[in-house]
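Biologist: Can you take me through this one? I have the sequence and the picture up, and I would like plain answers.

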Amino acid sequence: MLKVSNEMPVSNYSVVVPAENGTTFKESNVIRFKLPQNLGFIDPYTSYLKFDLTLKDNNVKGFLTGTSGANVIVRTLRIIADGHVIEEIDNYNALAELHSNYGFDLGEKELKDVMEAGGMKQQQYANGLNNPTVSTSATTPDNKNIKVCLPLSLSGVLGSRQALPLVAMGDLEIELTLDTNDRVLKTNQHQFASQSLATFVLTDGVAVSSIDLETNAGGDGDGGATNQTKDWGFSASGTDVGEDSPWIIGQKVGLKVISDDSDVVNNTDIAITNVQAVGGKIRLSVAGGNPVGTTGASPRVAAVKVIMTKGSDGAVPKLSYEVNKPEYVCRVVVPPPEYLQQLQSQIVAEGYAIDVHTWTTYREHTTGRSSGQSSADTIEVPCYSSRAKAIFWRPVPEANMKDLNGVVKDYTLGGKFDWNGVYNHASSYQIQIGELRIPNRVVKLNPSDYKYEYPAQEHIVELVKALESSGIGVHNLRDHRADYVIARSLSAYGGTTDMRMKGARLYFNCAGVNPETSANQQVEAKNWYNWVAHIKRVVITPSGLQVLY
């Protein structure tokens with residue numbers, strides 16, 4: 001009925017609504033806001049959540065996981081009006097990661113990096129949740145409050161471009177459940193696969209006193225023997241170490257010999273005594289690295305990998321976060337009196353309807369298979385919405401978190417929770433809606449599997465259609481394999497499909513043999529995050545509010 005536009009100027013102003021249940025929140029807490037009925041009409045599209053985000057009780061530098069910025073803290077979003085739950089999105093942060101990977105182009109990602117404390121894989125503007133430190137003297141993480149302005153745009157209510165008539169709906173309650181520290185935070189993963197590109201002559205009984213680490217502000221360097229060739233560079237200019245250096249004096253590290261295939265962990269608690277830029281590299285001065293060589297010929301030339309083992313206080317690495325002073329900045333619009341009269345007349349005559357384009361989450365799990373054994377899984381999505389638009393299936397490894405070398409580790413030992421779906425050499429899939437299989441032929445995925453990662457075109461076509469019909473849009477397909485998602489559009493040109501008495505299921509097949517190497521592979525156990533984009537209808541009548549699915 002009412003849209004804010006330039007064609008008919010509407011008076012408007014902002015109202016700041018603080019959280020009603022506190023000012024400081026930690027993992028698993030619930031933040032509650034109540035937008036009172038007396039606000040009249042609000043424009044949710046230009047409203048946003050504002051808060052301070054900071055690390056607490058940490059002894060290492062910390063960063064947000066993923067690329068969706070501060071969205072990662074929101075586990076569940078729930079909206080209530082007149083006692084009715086009109087929207088509930090579980091795993092909101094996982095959905096925000098999908099949106100970030102596919103729905104934003106580079107410019108939008110950089111904007112998110114500035115405003116929402118993330119968006120870029122390198123977090124090149126946010127630089128983590130710590131202040132830049134003077135690395136030659138810093139001995140503790142210097143935490144800072146990051147001001148975050150976060151539009152909850154994936155919500156069909158809070159992201160709507162249509163003004164909401166609170167005057168007719170009643171008080172609008174917003175509940176945000178915060179996710180746990182281990183899913184929200186990571187240490188800088190540079191610390192767990194930092195390849196020294198200089199060569200050292202290692203001799204049994206002779207200490208290593210310094211290690212030079214390659215710098216690369218773009219994060220795209222040669223990773224040497226590590227599996228991860230990105231996200232491990234640092235910046236340095238002259239004698240100054242860049243802001244992205246994760247190292248703190250007093251922090252303890254372990255040294256790993258890698259270039260002679262001995263892969264031996266040596267001296268796992270060596271103290272860093274200095275951090276400086278020398279010759280375009282970052283030099284760590286260490287004490288206690290004696291001896292380094294324990295296997296192989298001595299002396300020998302070898303490269304060394306640096307792995308963090310203890311925090312700046314000598315204790316096990318730890319990370320936690322706080323959300324402080326959360327406020328909902330609400331844009332209030334004041335329509336002409338004629339609009340209010342028309343709204344009242346429509347409510348009395350036939351009811352006033354609001355379409356909410358929202359998401360419902362469905363979770364599933366599949367077991368792993370032993371090496372060489374193929375899998376054939378059925379993933380159920382028991383959606384019975386009358387107006388469904390698209391379905392997304394995203395397989396995330398059950399063995400999560402992992403470090404940059406793919407080793408399963410707790411986040412205090414260098415693991416990072418990975419929100420992305422994994423390809424795992426899937427061979428084919430087919431989708432069934434009710435009794436109808438769509439497409440009627442199995443979608444083959446083999447072309448995705450070879451050295452140059454050519455995309456399986458039929459799969460990409462289906463993904464693009466689903467992204468467009470769901471409202472996410474297609475701005476970036478570079479991560480189609482890194483964040484593996486299977487999708488199906490249920491509509492064309494804005495239409496919907498009636499899923500009542502139908503439901504959906506995915507028949508998903510993985511090969512026990514890697515087609516690229518012909519070697520047996522192990523199919524991972526997976527937790528499936530599945531979403532259905534659909535439309536709810538909220539109807540306001542003189543007797544109250546109804547929610548139609």
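Predicted model: local features only at pLDDT ≥ 70, side-chain atom pairs only at ≥ 80, totals over all residues.

Biologist: How many bridges pair strand 26 and strand 31?

Modeller: Strand 26 and strand 31 (residues 526-541) are paired over 9 bridges, in the antiparallel sense. Two strands pair if DSSP finds at least two bridges between them. Strands (E, at least two residues) and helices (H or I, at least four) are DSSP runs, numbered from the N terminus.

Biologist: And which residue is the bridge partner of Ile 391 in strand 29?

Modeller: Arg 488 is the partner of Ile 391 there. Strand 29 (residues 486-489) pairs with strand 26 over 4 bridges, again in the antiparallel sense.

Biologist: What holds paired strands together in general?

Modeller: Strands of a sheet pair through backbone hydrogen bonds, either parallel or antiparallel.

Biologist: How many residues of strand 26 are buried?

Modeller: 10 of the 10 residues of strand 26 (residues 388-397) are buried, so this strand is largely enclosed by the rest of the structure. Buried means under 20% relative accessible area, exposed means over 50%, and partly exposed is in between (1.4 Å probe, protein chains only).

Biologist: Back up to the whole chain. How many helices and strands?

Modeller: The chain has 6 helices and 32 strands. It has 549 residues, and 55% of them count as buried.

Biologist: What share of the contacts join residues at least 24 apart?

Modeller: 76%, taken among contacts between residues at least 6 apart in sequence. Contact means heavy atoms within 4.5 Å.

Biologist: New topic. In what order do the strands of the 4-strand open sheet come?

Modeller: The order is 3-11-7-8, with antiparallel pairing. Strand 3 (30-35) and strand 8 (84-90) are the edge strands, each pairing on one side only. Neighbouring strands in this sheet are turned by 15 degrees against each other on average, direction ignored. Axes are lines fitted to C-alpha atoms, for helices over the stretch in contact, and angles run from 0 to 180 degrees between N-to-C directions.

Biologist: How many bridges join strand 7 to strand 8?

Modeller: There are 6 between strand 7 (residues 74-81) and strand 8. One of the pairs puts Thr 76 with its bridge partner Asp 90 in strand 8.

Biologist: What about helix 1, where does it lie?

Modeller: Helix 1 (residues 92-103) lies across strand 7 and strand 8, at about 110 degrees to strand 7. It is mostly covered, with 12 of its 12 residues buried. Among them are Tyr 92, Leu 95 and His 99.

Biologist: How many aromatic pairs are there?

Modeller: The count is 6. Rings of Phe, Tyr and Trp (its six-membered ring) pair if their centres lie within 6.5 Å; planes under 30 degrees apart count as stacked, over 60 as edge-to-face and the rest as tilted. Phe 33 and Tyr 328 form a tilted pair, 6.3 Å centre to centre with 55 degrees between the planes. Phe 33 is in strand 3 and Tyr 328 in strand 23 (residues 321-334), so the pair ties together parts 295 residues apart in sequence.

Biologist: Is Phe 33 buried or exposed?

Modeller: Buried, because its relative accessibility is 1%. Tyr 328 is buried as well, at 2%. Another pair, Phe 508 and Trp 528, is edge-to-face: 5.0 Å centre to centre, 80 degrees between the planes. Phe 508 is in strand 30 (residues 504-510) and Trp 528 in strand 31, 20 residues apart.

Biologist: Last one. How many disulfides?

Modeller: 0 disulfides, where a disulfide is a pair of cysteine sulfur atoms within 2.5 Å. Cys 330 counts as buried at 0% relative accessibility, and Cys 510 is buried at 2%.

How values were computed: Residues numbered from 1 in each chain as written. Heavy atoms only, no water.
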